[in-house]
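Please look through the sequence and the model first.

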Amino acid sequence: LNLVVAVILESFSSLGSQDPDLVSSSDVDQFKEVWAAFDPDADNHIHTSMLPDLMLALPPPLGIKGVKSDPSAAKRFATKRIFKLKLHFGSVHILEP
């Protein structure tokens, strides 16, 4: 999963430079800032149970902040998206691109 997150972030960075409507470098920077709020120890790990809240804290295209007006519906939506991921060991690790 560590490699997957790194590849996704690198791909977003690369695609963002080719097509600014996808993901910009400021989107990636904002992701890193929001991640840091969920990772106060700065060990680059968060528990998988925090992923829905991470998605809710990030605006599109990397999150869903502001997409759904009902907070409980937004949380359910984020949780459903995360259950589609194959997660191991109960945590998610981010690698700096």
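**Confidence and layout**

The model is predicted. Its chain averages a pLDDT of 76, and 66% of the residues score at least 70. Confidence is lowest in helix H1, residues 2-18, with a mean of 60, and highest in H2, with a mean of 90. Where pLDDT is low, the predicted coordinates should not be read in detail.

Four helices and two strands make up the secondary structure of the chain. Along the sequence they follow the pattern α-α-β-α-α-β. Of the 97 residues in the chain, 30% are buried. Among contacts with a separation of 6 or more, 57% join residues 24 or more positions apart.

**Helix H2**

Helix H2 runs over residues 25-38, which is 14 residues. At 1.5 Å a residue the helix should span 20 Å, and its end C-alpha atoms are 20 Å apart, so the two values agree.

Which residues of H2 are buried? They are Asp27, Val28, Phe31, Val34, Trp35 and Phe38. These residues cover an arc of only 125° around the axis, which puts them on the same side of H2. The other side of H2 has exposed residues, namely Ser25, Glu33 and Ala37. A general point about helix geometry applies here: an α-helix has 3.6 residues a turn, so residues three or four places apart point the same way.

Phe31 and Trp35 illustrate this spacing, as both lie in H2, four residues apart, about one turn of the helix. The structure holds one aromatic pair. It is formed by the rings of Phe31 and Trp35, whose centres are 5.9 Å apart; their planes are at 40°, so the pair is tilted.

**The nonpolar core**

The largest nonpolar core has 16 residues. Within this core, the residues with the most contacts are Phe31, Trp35, Ile46, Leu51, Leu54 and Leu58. Two or more residues each come from H2, helix H3 (51-57) and helix H4 (71-83). H2 gives the most, with five residues. In soluble globular proteins, nonpolar side chains tend to be buried together.

| Residue | Relative accessibility | Class |
|---|---|---|
| Phe31 | 10% | buried |
| Trp35 | 4% | buried |
| Ala42 | 60% | exposed |
| Asn44 | 29% | partly exposed |

**Backbone details**

Ala42 lies in the loop between H2 and strand S1, residues 45-47. Its phi is near 55°, a positive value in a residue other than glycine. Asn44 is found in the loop between H2 and S1, and phi of Asn44 is near 65°, again a positive value in a residue other than glycine.

Where is Pro61 found? It is in the loop between H3 and H4. The peptide bond from Pro60 to Pro61 is cis, with omega near 15°.

Conventions. Residues are numbered from 1 along each chain as its sequence is written. This is a predicted model: local features need pLDDT of at least 70, side-chain atom pairs count only at pLDDT 80 or more; totals for chains, interfaces and linings use all residues. Side-chain values use heavy atoms; hydrogens and water are left out. The expected span of a helix is 1.5 Å times one less than its number of residues. Buried means under 20% relative accessible area, exposed over 50%, partly exposed in between (1.4 Å probe, protein chains only). The arc is that of the directions from the helix axis to the C-beta atoms. pLDDT is the predictor's confidence in each residue, from 0 to 100. A nonpolar core is a set of buried Ala, Val, Leu, Ile, Met, Phe, Trp, Tyr and Cys residues joined through side-chain atoms within 4.5 Å. Rings of Phe, Tyr and Trp (its six-membered ring) pair if their centres lie within 6.5 Å; planes under 30 degrees apart count as stacked, over 60 as edge-to-face and the rest as tilted. Contact means heavy atoms within 4.5 Å.
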